[in-house]
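Please look through the sequence and the three-dimensional model shown here before reading the report below.

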Amino acid sequence: TTASSQGAAPPTSSQSQSEVKTQQVPPPPPPRPEDMLKTPDIKIQWKNLGLSPVSTVDGRIKEPMISVLGADVGQLIIVLSLIESVTKRIFEQEEVDELLVRYLSDTSRAAFSMYSDTKSLDKFCQLT
């Protein structure tokens with residue numbers, strides 16, 4: 001085999017190119033998410049997303065949990081928005097209603113939550 005750029009030693013004067021064995025260097029492990037935060041004081045405790053309730057980000061809950069603005073409803077809105085962005089297609093209200101009903105029917109989680117405030121709820125009611 002011939003020398004490659006992946007860690008093979010260059011041939012010595014007594015070795016020809018064909019005698020040099022390539023040495024495969026394994027790729028480095030992917031970085032851990034907490035290492036990418038660049039804040040060593042933050043510790044991430046992993047949760048099972050399918051079984052864990054989603055909370056809001058307002059700070060009322062002190063135990064480790066998965067937090068999204070708006071809690072479960074906020075997570076659903078983010079997912080639907082991503083699907084719309086990728087497919088370049090806007091969901092009709094009836095489709096969103098059906099997806100929500102199917103999700104609530106199929107999930108094994110005991111709760112589905114929504115957090116908001118009066119100002120946001122008033123604005124939502126004006127739009128619908």
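The report goes from the overall fold to the pockets, and then to a surface patch and a salt bridge.

## Basis of the report

This is a predicted model, in which local features need pLDDT of at least 70 and side-chain atom pairs count only at pLDDT 80 or more, while totals for chains, interfaces and linings use all residues. Residues are numbered from 1 along each chain as its sequence is written, and side-chain values use heavy atoms, with hydrogens and water left out.

## Overall fold

The protein chain has four helices and two strands, which follow one another from the N terminus in the order α-β-β-α-α-α. Helices (H or I, at least four residues) and strands (E, at least two) are DSSP runs, numbered from the N terminus. Of the 128 residues in the chain, 12% are buried, where buried means under 20% relative accessible area, exposed over 50%, and partly exposed in between, with a 1.4 Å probe and protein chains only.

The largest pocket holds about 690 Å³ of space, and among its 22 lining residues V73, I77, V96, M114 and F124 are the closest to its centre. A pocket is an open set of points on a 1 Å grid over the protein atoms alone, where a 1.4 Å probe fits, with protein on both sides within 12 Å along at least five of seven lines; lining residues have an atom within 4 Å of a point. Helices α2 (71-87), α3 (93-106) and α4 each supply at least two residues of this lining, and α2 gives the largest share, seven residues. By class, the lining of the largest pocket has 13 nonpolar, seven polar and two charged residues.

The second largest pocket holds about 150 Å³, and its lining includes L49, D72, Y103 and R109. Here too α2 gives the largest share of the lining, with four residues.

## Surface patch and salt bridge

M114, L121 and F124 make a nonpolar surface patch of about 320 Å²; patches of this kind are made of residues with over 30% relative accessible area and no salt bridge, their nonpolar side chains being joined within 5 Å. L121 lies in helix α4 (residues 118-127) and counts as partly exposed because its relative accessibility is 41%.

One salt bridge is found in the whole structure, a salt bridge being a side-chain nitrogen of Lys or Arg within 4 Å of a carboxyl oxygen of Asp or Glu. The side chains of E95 and R89 meet in a salt bridge at 2.2 Å, N to O. E95 is partly exposed, with a relative accessible area of 24%, and R89 is partly exposed at 40%.

Notes: Patch = residues over 30% accessible without salt bridge, like charges linked within 9 Å, V, L, I, M, F, W, Y side chains within 5 Å. Areas by Shrake-Rupley, 256 points an atom, 1.4 Å probe, with all protein chains shown as cover. Points joined across faces, edges and corners; volume = space filled by probe spheres on them. Nonpolar A, V, L, I, M, F, W, Y, C, P; charged D, E, K, R; others polar.
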